[in-house]
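Thanks for coming, everyone. I have one model to walk through today. Please take a look at it first.

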Amino acid sequence: MPTNEDFLLASKWSAYLTLAFLVLTLIAFAFKWGIRFRLVGSTGFMVVLTVGIFALGLVPFTRTTIPGAVRFSTVFDQGANRAVIALPPHVTEDEVRATLEQAASNLFSPGRLSRRGGDTMTIQARTLLHPKPGVSQPILLGEVERSLFVRKDDQMRFTLYPDNIAKLPPVDEEFVN
């Protein structure tokens with residue numbers, strides 16, 4: 001995955017290429033070439049492309065990895081103060097907490113909106129059990145509340161539901177490997 005430094009390096013080379021297009025456009029106008037107006041469009045496109053690549057170099061692309069966390073998928077995210085992640089049905093209480101911590105870090109964005117002046121975001125973790133064929137039962141395993149405004153939030157509040165976690169089938173060693 002490209003890093004911020006890769007994007008900044010690419011933006012530098014894109015800026016050089018943009019300057020080359022600008023010089024070529026000026027030469028085309030000086031000699032009244034037929035493609036001079038096309039070169040104006042190409043130069044404008046290169047400016048927009050360079051600015052976009054530079055902006056990607058400023059935004060952090062890092063994903064936090066918390067030891068003990070399991071893979072999760074985001075099943076609901078309103079882009080504001082609420083999200084729901086799905087976990088596999090074979091997880092332990094420690095894995096739920098670690099995964100919630102990882103999701104809280106990875107889903108943080110300074111562009112999220114607060115609802116009704118609130119300053120926290122809630123992320124819930126759930127899984128699906130299938131008690132009988134054709135029936136799915138969602139089970140809420142836990143949730144975390146974190147700040148919408150502070151990236152490194154030391155005041156995250158975790159709520160785990162051990163009764164619901166106890167309903168999960170036991171972890172099968174063959175299933176995990």
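**Walking through the model**

Let me start inside a helix: Thr 18 lies in helix α1. A word of caution before I go on: this is a predicted model. So, is Thr 18 buried or exposed? Thr 18 has a relative accessible area of 10%. The cut-off for buried is under 20%, so Thr 18 counts as buried.

What about Thr 18 and Thr 43? In sequence, 25 residues separate Thr 18 from Thr 43. In space, their C-alpha atoms are 6.2 Å apart.

Now the helix pair. Helix α1 covers residues 4–30, and helix α2 covers residues 36–58. They pack with their axes 8 Å apart. The angle between them is about 165°. Angles over 145 degrees count as roughly antiparallel, and therefore α1 and α2 are roughly antiparallel to each other. Which hand does the crossing of α1 and α2 have? It is left-handed. And what is the contact of α1 with α2 made of? Its residues divide into 20 nonpolar, nine polar and one charged.

Next, the link between these helices. Lys 32 sits in the loop between α1 and α2. Its backbone deserves a look. Most residues other than glycine have a negative phi. Lys 32 has a positive phi, near 55°. Lys 32 is also exposed, at 63% relative accessibility.

Then there is Phe 37, in helix α2. Phe 37 has a relative accessibility of 55%. Exposed means over 50%, so Phe 37 counts as exposed. How many residues apart in sequence are Phe 37 and Lys 152? The answer is 115. From C-alpha to C-alpha, Phe 37 and Lys 152 are 50 Å apart in space.

As a reminder, strands of a sheet pair through backbone hydrogen bonds, either parallel or antiparallel.

We begin with β1 and β2. These two run antiparallel, joined by four bridges. β1 and β2 form a hairpin, with four residues between them. In the turn, Gly 79 has a positive phi of about 75°.

How enclosed is strand β2, residues 82–86? Four of its five residues are buried, so β2 is largely enclosed by the rest of the structure.

Next come β2 and β3. Do they run parallel or antiparallel? β2 and β3 run parallel, with five bridges joining them. Here Val 84 has Gln 124 in β3 as its bridge partner.

Moving along, we reach β3 and β4. Strand β3, residues 120–129, runs antiparallel to β4, and 10 bridges join them. Thr 120 has its bridge partner in β4: Ser 147.

That leaves β4 and β5. Strand β4 spans residues 137–147. Its pairing with β5 is antiparallel, over four bridges. Two positions mark this pairing. Gly 142 has Leu 160 in β5 as its bridge partner. Glu 143 stands opposite Thr 159 in β5.

Side chains of opposite charge can pair when their charged atoms come close. How many salt bridges does the structure hold? It holds one. The side chains of Arg 157 and Glu 145 form it, at 2.8 Å from N to O. Arg 157 lies in strand β5 and Glu 145 in strand β4, so the pair ties together parts that are 12 residues apart in sequence. Arg 157 is partly exposed, at 45% relative accessibility. Glu 145 is partly exposed as well, and its relative accessible area is 25%.

To recap, keep two pictures in mind. One is the α1 and α2 pair, roughly antiparallel to each other. I'll take questions now.

Note on methods
Residues are numbered from 1 along each chain as its sequence is written. This is a predicted model: local features need pLDDT of at least 70, side-chain atom pairs count only at pLDDT 80 or more; totals for chains, interfaces and linings use all residues. Side-chain values use heavy atoms; hydrogens and water are left out. Two strands pair if DSSP finds at least two bridges between them. Axes are lines fitted to C-alpha atoms, for helices over the stretch in contact, and angles run from 0 to 180 degrees between N-to-C directions. Angles under 35 degrees count as roughly parallel, over 145 as roughly antiparallel, 65 to 115 as roughly perpendicular and the rest as oblique. A crossing is left-handed if the near helix is turned anticlockwise from the far one by less than a right angle, and right-handed if clockwise. Ala, Val, Leu, Ile, Met, Phe, Trp, Tyr, Cys and Pro count as nonpolar, Asp, Glu, Lys and Arg as charged, and the others, Gly among them, as polar. A salt bridge is a side-chain nitrogen of Lys or Arg within 4 Å of a carboxyl oxygen of Asp or Glu. Buried means under 20% relative accessible area, exposed over 50%, partly exposed in between (1.4 Å probe, protein chains only).
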